[in-house]
Amino acid sequence: MASSMRVLLCLAVAMLPAASAFAPSSFALRGALGTRNPAGLCQLSMGKRPLHTSGEFTVEKATPELMEDLEVKRWPTWSTAGTKYKVGEKSPLKVYDMNELSYIIKGKMEIESKKTGEKVLVQAGDFVTFPDEFACYWHVIEEIEKHWYLY
């Protein structure tokens, strides 16, 4: 997505009514336009923060305390239903163009790193950190529903 499109998206989210489930409690637009690192361009905060800043793909079990602290239930929701991520099929290559933290609400999949070939099981109750520029394939075992946010 072009830098100007990211700015428009960030501004649109910032203008959501405060009563909206997706309305950020604070909004910061920082960094210079045209930078490769989108985290320097737009960061939305709803009590959420990165769990990992190492730039590595990580999976960890969620705790009720961490879920509450990060306000996970206020994050947007997405599902593999009706998408290119089909149960039982290897997905096309996905390369993340932003950092993403996801909480898996339901389902199960294997994430295969293009770089290493390593497969990691991701399932309901997991926090998953997808770093910027991470290239992978999804092997959906059970339809995925997740909360997510970009940073």
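The following conversation goes through the reasons behind several labels used for this predicted model.

Tutor: Because the model is predicted, local features need pLDDT of at least 70 and side-chain atom pairs count only at pLDDT 80 or more, while totals for chains, interfaces and linings use all residues. Residues are numbered from 1 along each chain as its sequence is written, and side-chain values use heavy atoms, with hydrogens and water left out.

Student: What makes up the pattern of the protein, read along the sequence?

Tutor: The pattern is α-β-β-β-α-β-β-β-β-β-β, and the protein has 2 helices and 9 strands. Helices (H or I, at least four residues) and strands (E, at least two) are DSSP runs, numbered from the N terminus.

Student: Why is Asn99 called buried?

Tutor: Buried means under 20% relative accessible area, exposed means over 50%, and partly exposed lies in between, with a 1.4 Å probe and protein chains only. Asn99 has 15% relative accessibility, and therefore counts as buried. Asn99 lies in the loop between strand 5 (94–95) and strand 6 (100–113).

Student: What makes the approach of the Asn99 side chain to the backbone nitrogen of Asp132 a polar contact?

Tutor: A polar contact is a pair of N or O atoms within 3.5 Å, where, within protein, one must be able to donate a hydrogen and the other to accept it, and residues adjacent in sequence count only if both atoms are side-chain atoms. The side chain of Asn99 reaches that nitrogen of Asp132 at 2.9 Å, so the distance falls within the limit.

Student: Why is Ser102 called buried, and which side chains does the Ser102 side chain meet in polar contacts?

Tutor: Ser102, whose place is in strand 6, has a relative accessible area of 0%, and so it is buried. Its side chain makes a polar contact of 2.5 Å with the side chain of Glu100, and another of 3.4 Å with the side chain of Lys146.

Student: Why does Phe134 count as buried, and which residues is Phe134 in contact with?

Tutor: Phe134 has a relative accessible area of 12%, which is under the limit, so Phe134 is buried. This residue is found in the loop between strand 8 (126–130) and strand 9 (135–150). Contact means heavy atoms within 4.5 Å, and, leaving aside neighbours within four places in sequence, Phe134 is in contact with Phe57, Lys94, Val95, Tyr96, Ile111 and Ser113.

Student: How much of the whole protein is buried?

Tutor: Buried residues make up 40% of the 151 residues in the protein.
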